[in-house]
Each structure stands twice: as C-alpha cells, then as structure tokens.
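Hi everyone, thanks for coming.

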Amino acid sequence: MKEAIARIESLFPQLVGRSFKITSPQDNGYNCFAWAAGDSSRWWEPVQSYFWPRSRRSLLLPAFQEALATLGFEPCESRDFEDGHDKIAIFTSPKGPTHAARALPNGRWTSKLGQAEDIEHELSDLEGGDYGQVACVMKRKTAQSP
Amino acid sequence: MTTAIAHPRMQTTLGSDFDYESLRIPQSDDARKLFEAVCKATKHFLAPVLAQENDLSHRFQELAKTWRRESQYTSSVHEMSMHPAYQRIIGMGPVAIPFLLKELQRRPDHWFWALNAITGVDPVPESDRGNLPKMASAWVNWGISNKKL
C-alpha cells in the first residue's frame, strides 16, 4: 500500500500531503469514464473496438457530454454533492477530456487513475496536473443505470 | 539434414545415411577436423536465425515493458497508443503479431489498437467492445484461425 501511495504521489504531486485513499487494486479492465458512470466491467472510450454509449464518437468535450446525456446527465453549476443525485466531473487539458470523477455521498469524489487504482479524494486535489482542470460537472437523479 | 563440407583434403556430404555414431569419438586427425567443421557450420547456420528471433522477442518485450510502465495512469487508449514505445511496436509490422497475441493470452491488455493497425482487421464483436478479456479472446481466436499463433 505504501508503495502504491508513493507511486501515485510521484505521478500526481498535487496529491502529496492531501488526504486521499486507495480504494481498489490496479485493474486495466475499466477506466475513469467507465468508473464515473458506475461501470467497472468495461473500458469506455469513443474509439474503435471500445465501448461508448450510443452517441457521437469524438475525443472532444461535447461528445463526452452528449454520451453522459444519454445516461440522463445534464450540466450543473455546483460541485457539491446533492442528495438523490449522481454527479460526474469531467477534466480537460489542451488535449481534450482527460479524466472523469464521481461524487460520493460523503462530499468527496472517487476516481479511477487510468489502468491503476481507484482513489477517494477531494475534487480539486486532482486538478493542476496532467489531468488539467474540471471543465464541467453533470448530474442526474440517482437510480438510473448505464 | 544434409550439409556439404569443404575441406582442404576431403569433401563429404552428411545425409541421413551417415554414421553419426562415428563422430562421437574422432579416430583420426582428419575425423576430428571434419567433426569440428560440421559443428562450426551447424552453428553458423542456426545461430543467425535464433539470434534474430531472440532479438525481435527481446525488442518487443523491452518496448512492451516501457509502454506499460509509462502509460499505466492514462485513461485514454488513444493516448496510450500514441506512446513512442507502442508506436515502435506497430512499426515492427507483422512480425509483432505473434508477440502481441501471446501477450493477450498471458494477460489481456490494450494491444488491440496495435493489432488493428498492423492487420487492418477488427474481430471484436460490437457486444464485446470495451470488455478486455472478451476482446483478447476474439483476437486470440482470430490468431489461431489465421495461423498467427
């Protein structure tokens, strides 16, 4: 565990000294977008051979927002957890969408770090590094599944 | 195996009817020199082929190791596939196919882009998209059917 924490901190220096915790082992079978949508059985990406909701396949932010819209999500302003709602935050860098995180009832967020572990963290603690910044937050009423 | 050996004082061809038992204990200087020449010729024949295969395998494994280490925190297959090590594996062309398929047999990983780029095909059914074990299985089955494995 210490080794995993050190490895994560070396790649995400903005997490050093912050209160994050590892919540799963490494798993290359699903990515952050799948995990944010509640799916840990598949890798979600709008490229050939990979799963993507029935919407436009593009690596630009609007396509990611459209994909989440097919699952009942709509844009919202607040990053705060809202009872009875699922929330997803999409990060972007100049390269486009890079990461997605899902809000937890305790006010923190959960993220799948690429092919590695899931972590629980404060949303802003993943901003500023390779993942870029939160570009938008989307929400839907809970009890809808992909 | 038939090998023609050129010898300063003797020429001989070793075929299936040659008495190989006699090579075990060379009885004369000529026999000993012939035995050494056969060993040397065999080594020169086999070594380049084995060395080449070993070199390709080693090259692939080193590139794969580098790619895995440096892309493990990437959530994008698109970005992973642009990694220089991954691109160099694609650049190996068809010779990389058996290595990629054996990797999928060993442990499903995101080699599908590379296989698609090299082969031009995509045997993964739509219902299995994104499911790594099933995608790997589709490719392994393709490899077996097409005698790549």
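Let's start with A:E82, A:K87 and A:K139, which are linked in a network of salt bridges. Keep in mind that this is a predicted model. Over all chains, the structure holds 19 salt bridges. If the idea is new to you, side chains of opposite charge can pair when their charged atoms come close.

Next, find A:D125 and A:R18, whose side chains meet in a salt bridge at 2.9 Å, N to O. What does this pair tie together? A:D125 sits in the loop between β6 (118–121) and β7 (133–141) of chain A, while A:R18 sits in the loop between α1 and β1 (21–22) of chain A, so the pair ties together parts that are 107 residues apart in sequence. Is A:D125 buried or exposed? A:D125 counts as buried, because its relative accessibility is 5%. A:R18, on the other hand, is partly exposed, with a relative accessible area of 44%.

Now over to chain B for another kind of pair. B:K65 and B:E62 form a salt bridge, with 3.5 Å between the closest N and O atoms. Both lie in helix α2 (residues 29–71) of chain B, three residues apart, which is about one turn of the helix. B:K65 is partly exposed at 45% relative accessibility, and B:E62 is partly exposed at 34%.

And what about the place where the chains meet? The contact takes 31 residues from chain A and 25 residues from chain B. Between them, about 2,100 Å² is buried, and carbon and sulfur atoms give 47% of that. Of the area that chain A buries against chain B, A:S49, A:Y50 and A:Q115 supply 30%, more than any other three residues.

How many salt bridges are there between chain A and chain B? The count is two. In one of them, A:R54 pairs with B:E126, the closest N and O atoms being 3.4 Å apart. A:R54 lies in the loop between α2 and α3 (61–69) of chain A and B:E126 in the loop between α6 (112–119) and α7 (132–145) of chain B, so this pair joins two chains. A:R54 counts as exposed, at 76% relative accessibility.

Last, a word on confidence. The model scores ipTM 0.86 and pTM 0.78. Chain B has a mean pLDDT of 83, with 75% of its residues at 70 or more. Over residues 1–12 of chain B, though, the pLDDT is below 50. Where pLDDT is low, the predicted coordinates should not be read in detail.

How values were computed:
Residues numbered from 1 in each chain as written. Chains lettered and ligands numbered in written order. Predicted model: local features only at pLDDT ≥ 70, side-chain atom pairs only at ≥ 80, totals over all residues. Heavy atoms only, no water. pLDDT = per-residue confidence, 0-100. Contact = heavy atoms within 4.5 Å. Buried area = accessible area lost by both parts, 1.4 Å probe. Salt bridge = Lys/Arg side-chain N within 4 Å of Asp/Glu carboxyl O. Helix = DSSP H or I, 4+ residues; strand = E, 2+ residues; numbered from the N terminus. Buried < 20%, exposed > 50% of the residue type's maximum accessible area, 1.4 Å probe, protein only.
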